[in-house]
Amino acid sequence: MSKSFNSITHDVSRALGSLRKEVPETIQGFNAMAKAALAPGALSALDKELIALAIGVASRCDACIGFHVKALIRLGVSRQQLMETLAVCTYMGGGPSLMYAAEAVRAYEEFSSATSPAPVAA
């Protein structure tokens with residue numbers, strides 16, 4: 001059965017909502033760290049998200065792949081930038097990273113098609 005990255009990110013977001021209510025200080029701290037780490041500096045926000053995706057692939061984290069691919073699309077990542085990042089992931093992580101690189105491609109295609117404008121009728 002094929003995974004849906006829309007479903008994965010939706011389900012994890014819902015579960016994170018419970019954590020946000022029950023351990024708000026922890027989630028606030030994590031969110032502050034994420035905001036600081038991903039803020040543009042010497043590296044662009046897009047470069048930092050590509051790094052985060054690479055770590056998600058290497059860690060075999062489906063939700064990480066989903067959330068970071070969504071963020072990359074929002075930041076305007078090109079398919080070529082994504083593919084080159086995944087090539088480095090595969091080089092560094094071997095076969096297991098190759099399998100999760102394929103998952104990142106599926107997430108990109110799933111989220112890209114959801115945000116693509118409808119075709120114009122001729």
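Just after α4, Gly76 adopts a positive phi of about 90 degrees. The model is predicted, so that local features need pLDDT of at least 70 and side-chain atom pairs count only at pLDDT 80 or more, whereas totals for chains, interfaces and linings use all residues. Residues are numbered from 1 along each chain as its sequence is written, and side-chain values use heavy atoms, with hydrogens and water left out.

Helix α4 (residues 62–74) has 13 residues and reaches 18 Å from its first C-alpha to its last, close to the 18 Å expected at 1.5 Å a residue (1.5 Å times one less than the number of residues). Helices are DSSP runs of H or I with at least four residues, numbered from the N terminus.

The structure holds 1 disulfide, defined as a pair of cysteine sulfur atoms within 2.5 Å. Cys61 is joined to Cys64, with an S to S distance of 2.3 Å. The torsion about their S-S bond is about 70 degrees, and the disulfide is therefore right-handed. Cys64 is partly exposed, at 28% relative accessibility (partly exposed lies between buried and exposed, the latter being over 50%). Cys89 is in no disulfide; the nearest cysteine sulfur, that of Cys64, is 12 Å away. Cys89 counts as buried, at 8% relative accessibility.

Leu16 lies in helix α1 (residues 5–22) and is partly exposed, with a relative accessible area of 32%.

Notes
Helices (H or I, at least four residues) and strands (E, at least two) are DSSP runs, numbered from the N terminus. Buried means under 20% relative accessible area, exposed over 50%, partly exposed in between (1.4 Å probe, protein chains only).
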